[in-house]
Amino acid sequence: MTDDTSRPEAMRRLVGDYVAALHAAYLDHVRHLPPAERAGLPLVAAGDVTVVAAAAHRLHLVATTDALPAPQGPEVELVESYQGVGWTVRFLDPSVLPELGLLTGDDEPSDVRRVLGVADTVYHLAVDVGGGLSAHHAQHSGVALANQHAKALRDLDRLRRALPRQARTVDELGVCVRNGLDRATALLAADLTGGRVDPPAGTPAASCLEAVLTDVTR
């Protein structure tokens, strides 16, 4: 990292540019989708999000629809928008939120969100400071995130059609998948399939969704 980017204001601008490139890549990539499907994607549906840039062992970018209090003291925020989606980047580090300094590289994303007090997430990315904050990396991440969201949306729609009497449980499963709640998703997967799908501990939420869909549509 150069001396310039080591300055707090320069680093904040770098992170802000990364988030802007990420969102632009996401929104540009989904332009071709049918309007209703595009509107159902988490970032588009949210309309306005707060992206918490939390400096722990790594930089965590947590986009949420949860309401956050106004910045206080040394807290800083950047406000931007693109294609009708607005976002505010809020910067938090151990000097602002001391609990972030207690996190280690072994902590799960849910631990970071717990420290932030964030419940509902649109996305949660862990980024390596430096090369990981390049525009090229942001574009790839934005496209990958858009594809992930679109696939989950289609899979959940298929699941609702296959299990019309359990639509509310499927909706709950979708929330758990979006928030990366692996254990909760595994429990709902077992519930939806009468125990036929029983993911072991540590199975990613997205994999649980795929397993349920495979079970009920084969």
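Colleague: Which residues is Glu210 in contact with, leaving aside its neighbours within four places in sequence?

Modeller: This is a predicted model, so every value here is computed from predicted coordinates. Leaving aside neighbours within four places, Glu210 is in contact with Lys151 and Asp155. Glu210 itself sits in helix 9, residues 205–217.

Colleague: Is Glu210 buried, partly exposed or exposed?

Modeller: Relative accessibility is the number to read, with buried meaning under 20% and exposed over 50%. Glu210 has 37%, so it counts as partly exposed. As for distance, Glu210 and Gly174 are 36 residues apart in sequence, and their C-alpha atoms are 12 Å apart in space.

Colleague: And how does Thr169 count, buried or exposed?

Modeller: The same cut-off of 20% decides it. Thr169 has 19% relative accessibility and therefore counts as buried. It belongs to helix 7, residues 167–178. Beyond four places in sequence, Thr169 is in contact with Leu188, Asp191 and Leu192.

Colleague: What should I look for in the interior?

Modeller: In soluble globular proteins, nonpolar side chains tend to be buried together. Here the largest nonpolar core has 32 residues, and those touching the most other members are Val15, Val19, Val51, Leu61, Trp87 and Tyr123. Two or more residues each come from helix 2, strand 1 (48–55), strand 2 (59–64), strand 4 (85–92), strand 5 (121–127) and helix 6 (135–162).

Colleague: Which element gives the most to this core?

Modeller: Helix 2 does, with nine residues. There is also a second, separate core of 18 residues, which includes Ala152, Ala189, Leu209 and Val212.

Colleague: What does Leu61 touch, not counting residues up to four places away in sequence?

Modeller: Its partners include Val15, Tyr18 and Val19, along with Val51, Val52 and Ala53. Leu61 also touches Tyr123, His124, Leu125 and Val127.

Colleague: Where does His23 lie, and is it buried or exposed?

Modeller: His23 lies in helix 2, residues 8–29. With a relative accessible area of 1%, His23 is buried. Outside its sequence neighbours up to four places away, His23 touches Leu43, Val49, Val51, Trp87 and Tyr123. Of these contacts, Val51, Trp87 and Tyr123 are also among the core residues that touch the most other members.

Colleague: How should I read backbone angles?

Modeller: Most residues other than glycine have a negative phi, and most peptide bonds are trans. Gln83 has a positive phi, near 50°. Gln83 lies in the loop between strand 3 (76–82) and strand 4, and at 38% relative accessibility it counts as partly exposed.

Colleague: How many helices and strands does the chain have?

Modeller: There are nine helices and five strands. From the N terminus, their order is α-α-α-α-β-β-β-β-α-β-α-α-α-α. The radius of gyration is 18 Å, close to the 17 Å that the globule rule gives for 218 residues, so the chain is as compact as a globular protein of that length. Its C-alpha trace spans about 55 × 40 × 30 Å along the principal axes.

Colleague: What about burial, contacts and charge over the whole chain?

Modeller: Buried residues make up 43% of the 218. Among contacts with a separation of 6 or more, 60% join residues 24 or more positions apart. The accessible surface comes to about 11,200 Å², and carbon and sulfur atoms account for 53% of that. Side chains number 20 positive and 28 negative, with the centres of the two sets 9 Å apart.

Methods. Residues are numbered from 1 along each chain as its sequence is written. This is a predicted model: local features need pLDDT of at least 70, side-chain atom pairs count only at pLDDT 80 or more; totals for chains, interfaces and linings use all residues. Side-chain values use heavy atoms; hydrogens and water are left out. Helices (H or I, at least four residues) and strands (E, at least two) are DSSP runs, numbered from the N terminus. The radius of gyration is taken over C-alpha atoms; the globule rule is 2.2 Å times the number of residues to the power 0.38. Buried means under 20% relative accessible area, exposed over 50%, partly exposed in between (1.4 Å probe, protein chains only). Contact means heavy atoms within 4.5 Å. Accessible areas come from the Shrake-Rupley method with a 1.4 Å probe; for residues, only the protein chains shown count as cover. Lys and Arg count as positive and Asp and Glu as negative; His and the chain ends are not counted. The place of a charge is taken as NZ of Lys, CZ of Arg, CG of Asp or CD of Glu. A nonpolar core is a set of buried Ala, Val, Leu, Ile, Met, Phe, Trp, Tyr and Cys residues joined through side-chain atoms within 4.5 Å.
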